[in-house]
Amino acid sequence: MTTSETIASVFSKGGRPAGSRREIRVIDTTLRDAHQSLWATRMRTEHMLSMLDDFQAGGFAQVDMMAPIQFDVSVRYLKEDPWERVRLLHRHAPNTKFRALIRSKNIASFDFLADDVIEGWVERLYANGFRVIGSFDGLNDMDNIAPGLRQAKRLGASTFGALSFCESPVHTDQLYIDKAKELIDKTDVDAIMLKDAGGLLTPERIRTLVPAIKEVIGERPLEIHSHCLTALAPLVYLEAVELGADALHTSIAPLANGAGQPSTQRMVRDLRALGYVVNVDDARIDAISKRLTEIAEDEDKPLGKPVEYDGLHYMHQLPGGMLSNFRSQLETAGLSHRFDELLHEVARVREELAFPIMITPFAQFVGTQAVMNMISGERYKVVPNEIKKYALGYYGKLLAPIAPDLNARIIANGASNIALESTAIPPMMPDLKARYPNENIDHLLLRAMFAGTQVDEMQKAVAAGDRPDETSKPVLALIKALHQKKDAGRIAIKTADLQISLQKGADNVA
(Lines give C-alpha, C1' and ligand atoms only; values in the text may rest on other atoms or scores of the structure.)
Protein backbone atom coordinates (compact mmCIF):
# COMPACT_ATOMS: atom_id res chain seq x y z
CA MET A 1 0.00 0.00 0.00
CA THR A 2 1.38 3.42 -0.96
CA THR A 3 1.61 6.29 1.51
CA SER A 4 -1.30 8.11 -0.16
CA GLU A 5 -3.43 4.95 0.00
CA THR A 6 -2.64 4.68 3.71
CA ILE A 7 -3.66 8.30 4.26
CA ALA A 8 -6.86 7.79 2.25
CA SER A 9 -7.66 4.67 4.25
CA VAL A 10 -7.35 6.52 7.56
CA PHE A 11 -9.57 9.39 6.41
CA SER A 12 -12.17 7.16 4.74
CA LYS A 13 -12.65 5.24 8.00
CA GLY A 14 -13.10 8.49 9.89
CA GLY A 15 -10.36 7.58 12.34
CA ARG A 16 -6.72 8.18 13.07
CA PRO A 17 -3.74 5.97 13.80
CA ALA A 18 -3.71 4.77 17.39
CA GLY A 19 -1.64 6.88 19.78
CA SER A 20 0.03 10.21 19.38
CA ARG A 21 2.72 10.54 16.73
CA ARG A 22 5.66 12.95 16.45
CA GLU A 23 5.36 16.74 16.29
CA ILE A 24 5.29 18.45 12.90
CA ARG A 25 6.46 22.05 12.91
CA VAL A 26 4.71 24.74 10.90
CA ILE A 27 6.77 27.48 9.23
CA ASP A 28 4.42 30.30 8.31
CA THR A 29 4.81 31.97 4.89
CA THR A 30 1.92 34.46 5.08
CA LEU A 31 4.07 37.56 5.58
CA ARG A 32 6.53 36.62 2.84
CA ASP A 33 5.81 34.13 0.06
CA ALA A 34 2.02 34.10 0.36
CA HIS A 35 1.44 37.75 -0.52
CA GLN A 36 4.32 37.49 -3.01
CA SER A 37 2.42 34.73 -4.80
CA LEU A 38 -1.11 36.18 -4.59
CA TRP A 39 -0.81 39.93 -4.03
CA ALA A 40 2.32 40.72 -6.08
CA THR A 41 4.16 41.31 -2.76
CA ARG A 42 1.96 44.30 -1.96
CA MET A 43 1.29 43.67 1.72
CA ARG A 44 2.45 46.76 3.59
CA THR A 45 4.22 46.97 6.91
CA GLU A 46 1.14 48.42 8.60
CA HIS A 47 -0.84 45.36 7.50
CA MET A 48 1.72 43.08 9.12
CA LEU A 49 1.81 45.07 12.34
CA SER A 50 -1.98 44.81 12.65
CA MET A 51 -1.71 41.00 12.88
CA LEU A 52 1.55 40.70 14.75
CA ASP A 53 0.22 39.85 18.21
CA ASP A 54 -1.56 36.84 16.73
CA PHE A 55 1.52 35.73 14.83
CA GLN A 56 3.63 35.96 17.97
CA ALA A 57 1.17 33.84 19.93
CA GLY A 58 0.30 31.53 17.03
CA GLY A 59 2.71 28.75 17.90
CA PHE A 60 4.64 28.77 14.63
CA ALA A 61 8.12 27.29 14.68
CA GLN A 62 9.27 30.19 12.50
CA VAL A 63 7.68 33.03 10.53
CA ASP A 64 9.08 33.78 7.09
CA MET A 65 9.40 37.55 6.66
CA MET A 66 11.86 38.74 4.00
CA ALA A 67 13.48 37.58 0.79
CA PRO A 68 14.96 39.73 -2.00
CA ILE A 69 11.62 40.52 -3.65
CA GLN A 70 10.22 41.99 -0.42
CA PHE A 71 13.09 44.48 -0.37
CA ASP A 72 12.62 45.16 -4.09
CA VAL A 73 8.88 45.87 -3.97
CA SER A 74 9.17 47.91 -0.78
CA VAL A 75 11.71 50.24 -2.40
CA ARG A 76 10.34 50.45 -5.93
CA TYR A 77 6.56 50.30 -5.50
CA LEU A 78 5.40 50.60 -1.89
CA LYS A 79 7.98 53.33 -1.17
CA GLU A 80 8.56 51.85 2.26
CA ASP A 81 11.92 51.36 3.96
CA PRO A 82 12.25 47.56 4.02
CA TRP A 83 14.87 47.65 6.77
CA GLU A 84 12.46 49.62 8.94
CA ARG A 85 9.88 46.85 8.39
CA VAL A 86 12.45 44.34 9.62
CA ARG A 87 13.18 46.38 12.74
CA LEU A 88 9.52 47.09 13.54
CA LEU A 89 8.41 43.48 13.27
CA HIS A 90 11.27 42.27 15.43
CA ARG A 91 10.60 45.02 17.98
CA HIS A 92 6.88 44.28 18.26
CA ALA A 93 7.23 40.48 18.24
CA PRO A 94 10.49 39.80 20.10
CA ASN A 95 9.60 36.17 20.82
CA THR A 96 8.96 35.27 17.18
CA LYS A 97 11.61 33.48 15.14
CA PHE A 98 11.51 35.48 11.93
CA ARG A 99 13.53 34.14 9.03
CA ALA A 100 15.22 35.73 6.01
CA LEU A 101 16.10 34.17 2.68
CA ILE A 102 19.04 35.19 0.46
CA ARG A 103 19.13 34.57 -3.29
CA SER A 104 22.58 33.30 -4.22
CA LYS A 105 25.12 36.07 -4.90
CA ASN A 106 22.66 38.47 -6.53
CA ILE A 107 20.16 39.09 -3.69
CA ALA A 108 17.69 41.50 -5.36
CA SER A 109 19.74 42.05 -8.54
CA PHE A 110 19.89 39.89 -11.68
CA ASP A 111 23.68 40.11 -11.91
CA PHE A 112 26.04 38.87 -9.24
CA LEU A 113 27.16 41.41 -6.67
CA ALA A 114 30.56 41.97 -5.09
CA ASP A 115 31.52 39.87 -2.08
CA ASP A 116 31.55 42.91 0.19
CA VAL A 117 27.88 43.54 -0.62
CA ILE A 118 26.94 39.93 0.15
CA GLU A 119 28.90 40.03 3.41
CA GLY A 120 27.35 43.37 4.34
CA TRP A 121 23.86 42.08 3.56
CA VAL A 122 24.22 39.07 5.84
CA GLU A 123 25.70 41.21 8.61
CA ARG A 124 22.81 43.70 8.40
CA LEU A 125 20.19 40.95 8.37
CA TYR A 126 21.63 39.76 11.65
CA ALA A 127 22.14 43.27 13.08
CA ASN A 128 18.52 44.17 12.33
CA GLY A 129 17.17 41.17 14.19
CA PHE A 130 17.17 38.00 12.08
CA ARG A 131 18.36 34.89 13.89
CA VAL A 132 17.32 32.45 11.15
CA ILE A 133 18.98 33.03 7.77
CA GLY A 134 18.97 30.81 4.69
CA SER A 135 20.00 30.87 1.05
CA PHE A 136 19.22 29.24 -2.29
CA ASP A 137 20.69 29.16 -5.79
CA GLY A 138 18.82 28.45 -9.03
CA LEU A 139 21.61 26.18 -10.28
CA ASN A 140 22.09 24.50 -6.90
CA ASP A 141 25.69 25.71 -7.11
CA MET A 142 26.62 25.47 -3.44
CA ASP A 143 29.73 27.60 -3.93
CA ASN A 144 27.37 30.52 -4.63
CA ILE A 145 25.58 30.26 -1.29
CA ALA A 146 28.26 28.84 1.00
CA PRO A 147 30.00 32.14 1.94
CA GLY A 148 26.79 33.83 3.07
CA LEU A 149 25.64 30.81 5.07
CA ARG A 150 29.01 30.40 6.75
CA GLN A 151 29.02 34.07 7.72
CA ALA A 152 25.48 33.87 9.12
CA LYS A 153 26.55 30.92 11.22
CA ARG A 154 29.64 32.76 12.48
CA LEU A 155 27.41 35.64 13.57
CA GLY A 156 25.29 33.26 15.61
CA ALA A 157 22.27 32.72 13.35
CA SER A 158 20.57 29.38 12.78
CA THR A 159 21.01 28.59 9.09
CA PHE A 160 19.11 26.65 6.45
CA GLY A 161 20.18 25.78 2.94
CA ALA A 162 17.79 25.16 0.07
CA LEU A 163 17.79 22.33 -2.42
CA SER A 164 15.96 24.00 -5.31
CA PHE A 165 13.68 21.51 -7.04
CA CYS A 166 12.49 21.09 -10.60
CA GLU A 167 11.68 18.25 -12.95
CA SER A 168 14.21 17.45 -15.68
CA PRO A 169 16.46 14.62 -16.80
CA VAL A 170 19.35 16.10 -14.81
CA HIS A 171 17.46 16.78 -11.57
CA THR A 172 17.57 13.20 -10.34
CA ASP A 173 17.34 11.91 -6.78
CA GLN A 174 21.07 11.25 -6.94
CA LEU A 175 21.71 14.90 -7.81
CA TYR A 176 19.81 15.98 -4.69
CA ILE A 177 21.67 13.44 -2.56
CA ASP A 178 24.98 14.82 -3.84
CA LYS A 179 23.90 18.44 -3.39
CA ALA A 180 22.66 17.81 0.15
CA LYS A 181 26.02 16.27 1.07
CA GLU A 182 27.87 19.18 -0.54
CA LEU A 183 25.69 21.73 1.23
CA ILE A 184 26.39 20.16 4.61
CA ASP A 185 30.10 19.72 3.95
CA LYS A 186 30.58 23.33 2.86
CA THR A 187 28.23 25.17 5.24
CA ASP A 188 27.26 22.91 8.16
CA VAL A 189 23.70 24.27 7.92
CA ASP A 190 21.26 23.60 10.74
CA ALA A 191 18.34 22.62 8.46
CA ILE A 192 17.65 21.61 4.86
CA MET A 193 14.79 23.07 2.85
CA LEU A 194 13.42 21.27 -0.22
CA LYS A 195 12.32 24.35 -2.16
CA ASP A 196 9.76 23.64 -4.87
CA ALA A 197 9.03 27.17 -6.10
CA GLY A 198 7.31 25.86 -9.22
CA GLY A 199 4.87 23.57 -7.41
CA LEU A 200 6.21 20.61 -9.39
CA LEU A 201 6.54 17.93 -6.74
CA THR A 202 4.25 14.93 -7.09
CA PRO A 203 3.37 12.21 -4.56
CA GLU A 204 5.31 9.72 -6.69
CA ARG A 205 8.48 11.83 -6.68
CA ILE A 206 8.29 12.69 -3.00
CA ARG A 207 8.21 9.00 -2.10
CA THR A 208 11.76 8.53 -3.37
CA LEU A 209 13.14 12.00 -2.78
CA VAL A 210 12.38 12.51 0.91
CA PRO A 211 13.86 9.18 2.09
CA ALA A 212 16.96 9.78 -0.06
CA ILE A 213 17.56 13.25 1.41
CA LYS A 214 16.74 12.18 4.97
CA GLU A 215 19.32 9.42 4.78
CA VAL A 216 22.18 11.83 4.12
CA ILE A 217 21.26 14.83 6.31
CA GLY A 218 21.21 12.94 9.59
CA GLU A 219 19.42 14.68 12.45
CA ARG A 220 19.01 17.95 10.60
CA PRO A 221 15.33 18.88 10.09
CA LEU A 222 13.95 18.60 6.57
CA GLU A 223 11.53 21.38 5.58
CA ILE A 224 9.14 21.06 2.62
CA HIS A 225 8.21 24.18 0.65
CA SER A 226 5.89 23.97 -2.35
CA HIS A 227 3.13 25.85 -4.16
CA CYS A 228 -0.37 24.80 -5.21
CA LEU A 229 0.05 25.54 -8.92
CA THR A 230 -0.80 21.97 -9.93
CA ALA A 231 -3.18 21.31 -7.00
CA LEU A 232 -0.93 18.52 -5.70
CA ALA A 233 0.97 20.31 -2.92
CA PRO A 234 -1.37 19.39 -0.01
CA LEU A 235 -1.08 15.68 -0.81
CA VAL A 236 2.67 16.04 -1.38
CA TYR A 237 2.97 17.57 2.09
CA LEU A 238 1.13 14.68 3.76
CA GLU A 239 3.21 12.14 1.86
CA ALA A 240 6.40 13.95 2.87
CA VAL A 241 5.44 13.91 6.55
CA GLU A 242 4.62 10.21 6.44
CA LEU A 243 8.10 9.64 4.98
CA GLY A 244 9.93 11.64 7.65
CA ALA A 245 9.75 15.36 6.78
CA ASP A 246 9.92 17.51 9.90
CA ALA A 247 8.43 20.91 8.97
CA LEU A 248 5.98 22.26 6.42
CA HIS A 249 5.75 25.73 4.88
CA THR A 250 2.11 26.83 4.92
CA SER A 251 0.12 30.02 4.59
CA ILE A 252 -2.95 31.10 6.46
CA ALA A 253 -6.05 31.13 4.27
CA PRO A 254 -7.21 33.27 2.56
CA LEU A 255 -3.60 33.81 1.41
CA ALA A 256 -3.18 30.14 0.49
CA ASN A 257 -3.77 27.87 -2.51
CA GLY A 258 -3.61 29.08 -6.11
CA ALA A 259 -0.03 30.20 -6.65
CA GLY A 260 0.60 30.13 -2.90
CA GLN A 261 1.30 27.43 -0.33
CA PRO A 262 -1.22 24.94 1.10
CA SER A 263 -3.40 26.47 3.78
CA THR A 264 -2.34 26.20 7.40
CA GLN A 265 -5.88 25.41 8.53
CA ARG A 266 -6.36 22.42 6.21
CA MET A 267 -2.87 21.01 6.73
CA VAL A 268 -3.14 21.25 10.52
CA ARG A 269 -6.55 19.55 10.41
CA ASP A 270 -5.28 16.70 8.25
CA LEU A 271 -2.07 16.21 10.20
CA ARG A 272 -3.96 16.00 13.47
CA ALA A 273 -6.41 13.54 11.91
CA LEU A 274 -3.40 11.35 11.11
CA GLY A 275 -2.31 11.51 14.72
CA TYR A 276 0.51 14.04 14.43
CA VAL A 277 1.03 16.75 17.04
CA VAL A 278 0.82 20.30 15.64
CA ASN A 279 1.27 22.94 18.32
CA VAL A 280 -0.36 25.97 16.74
CA ASP A 281 -3.13 28.11 18.22
CA ASP A 282 -6.24 27.70 16.07
CA ALA A 283 -7.94 30.77 17.50
CA ARG A 284 -4.97 32.99 16.67
CA ILE A 285 -4.87 31.58 13.14
CA ASP A 286 -8.58 32.32 12.73
CA ALA A 287 -7.97 35.90 13.88
CA ILE A 288 -5.21 36.35 11.29
CA SER A 289 -7.47 34.85 8.63
CA LYS A 290 -10.19 37.35 9.47
CA ARG A 291 -7.76 40.26 9.24
CA LEU A 292 -6.40 39.06 5.88
CA THR A 293 -9.96 38.94 4.54
CA GLU A 294 -10.56 42.50 5.74
CA ILE A 295 -7.39 43.73 4.00
CA ALA A 296 -8.38 41.95 0.79
CA GLU A 297 -11.85 43.52 0.86
CA ASP A 298 -10.56 46.99 1.71
CA GLU A 299 -7.95 46.98 -1.06
CA ASP A 300 -9.65 44.82 -3.68
CA LYS A 301 -7.01 42.10 -3.48
CA PRO A 302 -7.68 38.51 -4.58
CA LEU A 303 -8.19 35.57 -2.26
CA GLY A 304 -6.45 32.28 -2.84
CA LYS A 305 -8.53 29.52 -4.41
CA PRO A 306 -7.74 25.89 -5.21
CA VAL A 307 -6.83 25.32 -8.85
CA GLU A 308 -7.38 22.46 -11.26
CA TYR A 309 -4.54 20.09 -12.08
CA ASP A 310 -2.45 21.56 -14.90
CA GLY A 311 -0.29 19.02 -16.76
CA LEU A 312 1.04 21.69 -19.16
CA HIS A 313 2.77 23.35 -16.22
CA TYR A 314 5.32 20.52 -16.14
CA MET A 315 6.37 21.38 -19.67
CA HIS A 316 7.16 25.10 -19.31
CA GLN A 317 7.45 25.29 -15.46
CA LEU A 318 6.98 29.08 -15.49
CA PRO A 319 6.02 30.83 -12.25
CA GLY A 320 2.44 32.06 -12.10
CA GLY A 321 3.41 35.75 -12.18
CA MET A 322 5.36 35.35 -15.40
CA LEU A 323 2.49 33.52 -17.07
CA SER A 324 0.10 36.41 -16.43
CA ASN A 325 2.71 38.94 -17.55
CA PHE A 326 3.35 37.09 -20.80
CA ARG A 327 -0.35 36.85 -21.54
CA SER A 328 -0.81 40.59 -20.93
CA GLN A 329 2.23 41.58 -23.01
CA LEU A 330 1.21 39.41 -25.96
CA GLU A 331 -2.31 40.82 -25.83
CA THR A 332 -0.93 44.37 -25.88
CA ALA A 333 1.19 43.49 -28.92
CA GLY A 334 -1.78 41.89 -30.70
CA LEU A 335 -0.18 38.44 -30.39
CA SER A 336 -2.43 36.79 -27.80
CA HIS A 337 -3.14 33.96 -30.28
CA ARG A 338 0.52 32.90 -29.97
CA PHE A 339 0.45 32.30 -26.20
CA ASP A 340 0.61 28.49 -26.42
CA GLU A 341 3.37 28.80 -29.01
CA LEU A 342 5.36 30.88 -26.54
CA LEU A 343 4.92 28.28 -23.79
CA HIS A 344 6.27 25.59 -26.10
CA GLU A 345 9.22 27.82 -27.01
CA VAL A 346 9.93 28.41 -23.32
CA ALA A 347 10.08 24.65 -22.78
CA ARG A 348 12.40 24.21 -25.76
CA VAL A 349 14.77 26.99 -24.67
CA ARG A 350 14.90 25.63 -21.13
CA GLU A 351 15.92 22.19 -22.43
CA GLU A 352 18.53 23.68 -24.75
CA LEU A 353 20.03 25.69 -21.89
CA ALA A 354 20.58 22.56 -19.75
CA PHE A 355 17.42 22.81 -17.65
CA PRO A 356 17.89 25.80 -15.34
CA ILE A 357 15.31 25.87 -12.57
CA MET A 358 12.56 28.31 -13.47
CA ILE A 359 13.00 30.66 -10.55
CA THR A 360 14.46 34.16 -10.44
CA PRO A 361 16.61 35.05 -12.28
CA PHE A 362 16.66 32.06 -14.65
CA ALA A 363 12.92 32.03 -15.34
CA GLN A 364 13.24 35.61 -16.59
CA PHE A 365 16.33 34.74 -18.68
CA VAL A 366 14.66 31.76 -20.37
CA GLY A 367 11.37 33.60 -20.88
CA THR A 368 13.08 36.61 -22.47
CA GLN A 369 15.07 34.41 -24.86
CA ALA A 370 11.89 32.55 -25.84
CA VAL A 371 10.13 35.84 -26.65
CA MET A 372 13.15 37.01 -28.69
CA ASN A 373 13.16 33.74 -30.64
CA MET A 374 9.46 33.95 -31.41
CA ILE A 375 9.37 37.60 -32.40
CA SER A 376 12.59 37.73 -34.44
CA GLY A 377 11.67 34.67 -36.47
CA GLU A 378 15.18 33.24 -36.16
CA ARG A 379 16.06 31.42 -32.97
CA TYR A 380 18.95 32.94 -30.97
CA LYS A 381 19.47 35.67 -33.58
CA VAL A 382 19.08 38.10 -30.68
CA VAL A 383 20.76 36.99 -27.46
CA PRO A 384 20.27 38.98 -24.22
CA ASN A 385 23.40 39.69 -22.19
CA GLU A 386 22.19 37.48 -19.37
CA ILE A 387 21.86 34.43 -21.65
CA LYS A 388 25.43 34.82 -22.90
CA LYS A 389 26.68 35.22 -19.34
CA TYR A 390 24.69 32.16 -18.30
CA ALA A 391 26.20 30.07 -21.10
CA LEU A 392 29.69 31.24 -20.13
CA GLY A 393 29.21 30.23 -16.51
CA TYR A 394 28.96 33.70 -14.98
CA TYR A 395 26.13 32.55 -12.71
CA GLY A 396 27.59 29.21 -11.69
CA LYS A 397 28.31 25.73 -12.97
CA LEU A 398 25.66 24.32 -15.31
CA LEU A 399 24.31 20.87 -14.47
CA ALA A 400 24.67 19.72 -18.07
CA PRO A 401 26.48 21.05 -21.15
CA ILE A 402 24.78 23.25 -23.74
CA ALA A 403 25.00 21.73 -27.22
CA PRO A 404 28.28 22.97 -28.81
CA ASP A 405 26.64 24.44 -31.93
CA LEU A 406 24.07 26.35 -29.89
CA ASN A 407 26.68 27.49 -27.39
CA ALA A 408 28.76 28.90 -30.26
CA ARG A 409 25.71 30.72 -31.66
CA ILE A 410 24.88 32.24 -28.28
CA ILE A 411 28.42 33.48 -27.80
CA ALA A 412 28.64 34.85 -31.36
CA ASN A 413 25.28 36.67 -31.24
CA GLY A 414 25.64 37.99 -27.71
CA ALA A 415 27.21 41.33 -26.87
CA SER A 416 30.87 41.46 -27.88
CA ASN A 417 31.89 43.34 -24.73
CA ILE A 418 31.09 40.34 -22.50
CA ALA A 419 34.36 38.60 -21.70
CA LEU A 420 34.58 34.87 -22.38
CA GLU A 421 35.70 34.33 -18.79
CA SER A 422 34.20 36.04 -15.77
CA THR A 423 36.49 37.90 -13.41
CA ALA A 424 36.15 38.75 -9.74
CA ILE A 425 33.80 41.67 -9.11
CA PRO A 426 35.70 44.51 -7.40
CA PRO A 427 34.39 45.74 -4.02
CA MET A 428 31.41 48.09 -4.35
CA MET A 429 31.00 49.51 -0.86
CA PRO A 430 34.01 51.91 -0.78
CA ASP A 431 32.72 53.78 -3.84
CA LEU A 432 29.18 53.91 -2.47
CA LYS A 433 30.43 55.25 0.87
CA ALA A 434 32.42 57.94 -0.95
CA ARG A 435 29.42 58.98 -3.07
CA TYR A 436 26.97 58.96 -0.15
CA PRO A 437 29.06 59.85 2.92
CA ASN A 438 26.03 60.57 5.11
CA GLU A 439 24.11 57.42 4.19
CA ASN A 440 23.64 54.59 6.68
CA ILE A 441 24.90 51.14 5.80
CA ASP A 442 21.41 49.71 5.25
CA HIS A 443 20.60 52.22 2.53
CA LEU A 444 24.06 51.88 0.96
CA LEU A 445 23.33 48.18 0.51
CA LEU A 446 20.02 49.05 -1.15
CA ARG A 447 21.87 51.38 -3.52
CA ALA A 448 24.14 48.50 -4.52
CA MET A 449 21.08 46.76 -5.95
CA PHE A 450 18.67 49.44 -7.15
CA ALA A 451 19.77 51.65 -10.00
CA GLY A 452 19.11 55.31 -10.58
CA THR A 453 17.02 57.30 -8.11
CA GLN A 454 14.86 54.48 -6.74
CA VAL A 455 16.34 54.60 -3.23
CA ASP A 456 16.12 58.42 -3.24
CA GLU A 457 12.46 58.25 -4.22
CA MET A 458 11.75 55.73 -1.47
CA GLN A 459 13.49 57.94 1.09
CA LYS A 460 11.52 61.01 0.00
CA ALA A 461 8.21 59.13 0.15
CA VAL A 462 8.99 57.80 3.62
CA ALA A 463 9.94 61.27 4.86
CA ALA A 464 6.74 62.76 3.41
CA GLY A 465 4.51 59.94 4.61
CA ASP A 466 3.33 59.21 1.07
CA ARG A 467 1.31 56.09 0.30
CA PRO A 468 1.61 55.69 -3.50
CA ASP A 469 -0.46 52.53 -3.75
CA GLU A 470 -3.55 54.36 -2.46
CA THR A 471 -3.84 56.16 -5.80
CA SER A 472 -5.37 52.96 -7.16
CA LYS A 473 -8.41 53.78 -5.01
CA PRO A 474 -9.73 56.96 -6.68
CA VAL A 475 -12.56 57.67 -4.25
CA LEU A 476 -10.27 57.43 -1.22
CA ALA A 477 -7.64 59.56 -2.94
CA LEU A 478 -10.27 62.18 -3.86
CA ILE A 479 -11.62 62.36 -0.31
CA LYS A 480 -8.17 62.87 1.14
CA ALA A 481 -7.27 65.51 -1.42
CA LEU A 482 -10.47 67.47 -0.82
CA HIS A 483 -10.13 67.20 2.93
CA GLN A 484 -6.57 68.53 2.83
CA LYS A 485 -7.43 71.47 0.59
CA LYS A 486 -10.64 72.70 2.25
CA ASP A 487 -10.11 74.59 5.49
CA ALA A 488 -13.65 74.27 6.84
CA GLY A 489 -17.16 73.32 5.94
CA ARG A 490 -18.93 70.25 4.67
CA ILE A 491 -17.91 67.99 1.77
CA ALA A 492 -20.41 65.45 0.40
CA ILE A 493 -19.89 62.74 -2.20
CA LYS A 494 -22.85 60.68 -3.40
CA THR A 495 -23.12 57.88 -5.95
CA ALA A 496 -25.72 55.22 -6.59
CA ASP A 497 -24.37 52.95 -3.87
CA LEU A 498 -22.18 55.25 -1.78
CA GLN A 499 -22.72 58.38 0.28
CA ILE A 500 -19.90 60.07 2.22
CA SER A 501 -20.04 63.31 4.18
CA LEU A 502 -17.03 65.05 5.71
CA GLN A 503 -17.35 67.90 8.19
CA LYS A 504 -14.05 69.79 8.34
CA GLY A 505 -13.30 71.10 11.76
CA ALA A 506 -15.49 68.45 13.40
CA ASP A 507 -14.38 65.15 14.86
CA ASN A 508 -16.90 63.06 12.98
CA VAL A 509 -16.83 61.54 9.53
CA ALA A 510 -20.23 60.15 8.46
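## A barrel and its surroundings

With a relative accessibility of 4%, A354 counts as buried (buried means under 20% relative accessible area, exposed over 50%, partly exposed in between, using a 1.4 Å probe and protein chains only). You will find A354 in the loop between α15 and α16 (helices, H or I with at least four residues, and strands, E with at least two, are DSSP runs numbered from the N terminus). This is a predicted model, in which local features need pLDDT of at least 70 and side-chain atom pairs count only at pLDDT 80 or more, while totals for chains, interfaces and linings use all residues. Residues are numbered from 1 along each chain as its sequence is written, and side-chain values use heavy atoms, leaving out hydrogens and water.

**The barrel**

- Look for a closed barrel of eight strands, which runs from β1 through β2, β3, β4, β5, β6 and β7 to β8 with parallel pairing (two strands pair if DSSP finds at least two bridges between them).
- As background, strands of a sheet pair through backbone hydrogen bonds, either parallel or antiparallel.
- Strand β3 covers residues 98-103, and six of its six residues are buried, so β3 is largely enclosed by the rest of the structure.
- Burial applies to both faces of β3: F98, A100 and I102 lie on one side, with R99, L101 and R103 on the other.
- Strand β2 (residues 62-66) runs parallel to β3 and is joined to it by three bridges; D64 has R99 of β3 as its bridge partner.
- β3 is also joined to strand β4 (residues 132-136), here by five parallel bridges, and L101 finds its bridge partner in G134 of β4.
- Five bridges link the parallel strands β5 (residues 158-164) and β6 (residues 191-195), with M193 of β6 as the bridge partner of A162.

**Helices**

- Helix α4 spans residues 68-78, and eight of its eleven residues are buried, so the rest of the structure largely encloses α4.
- Those buried residues of α4 are P68, Q70, F71, D72, V73, S74, V75 and L78.
- K79 follows α4 and has a positive phi, near 55 degrees.
- In helix α11 (residues 264-273), the buried residues are T264, M267, V268, D270, L271 and A273.
- Just after α11 comes G275, with a positive phi of about 95 degrees.
- E299 belongs to helix α12 (residues 282-299) and, at 16% relative accessibility, counts as buried.

**Aromatic rings**

- There are twelve aromatic pairs in the structure (rings of Phe, Tyr and Trp, the last by its six-membered ring, pair if their centres lie within 6.5 Å; planes under 30 degrees apart are stacked, over 60 edge-to-face, and the rest tilted).
- One of these is the tilted pair of F365 and Y395, with 5.3 Å from centre to centre and 45 degrees between the planes.
- F365 sits in helix α16 (residues 362-376) and Y395 in the loop between α17 (385-391) and α18 (404-413), so their pair ties together parts that are 30 residues apart in sequence.
- Both F365 and Y395 are buried, and they belong to one aromatic cluster together with F110, F112, F362 and Y390.
- R42 lies over the face of Y77, 4.5 Å from the ring centre (a charge sits over a ring if NZ of Lys or CZ of Arg is within 6 Å of the ring centre and within 35 degrees of the ring normal).
- W39 has the charged end of K301 over its ring, at 5.6 Å from the centre.

**Cysteines**

- How many disulfides does the structure hold? The count is zero (a disulfide is a pair of cysteine sulfur atoms within 2.5 Å).
- C166, at 0% relative accessibility, counts as buried, and so does C228, at 3%.

**Backbone details to look for**

- The peptide bond from A253 to P254 is cis, with omega near 20 degrees; P254 is in the loop between β8 (247-250) and α11.
- Another cis peptide bond runs from T360 to P361, with omega near 5 degrees, and P361 is in the loop between α15 (339-352) and α16.
- N140 is not a glycine, but its phi is positive, near 50 degrees.
- You can find N140 in the loop between β4 and α7 (142-155), where N140 is buried with a relative accessible area of 0%.
- A354, also a residue other than glycine, has a positive phi near 70 degrees.
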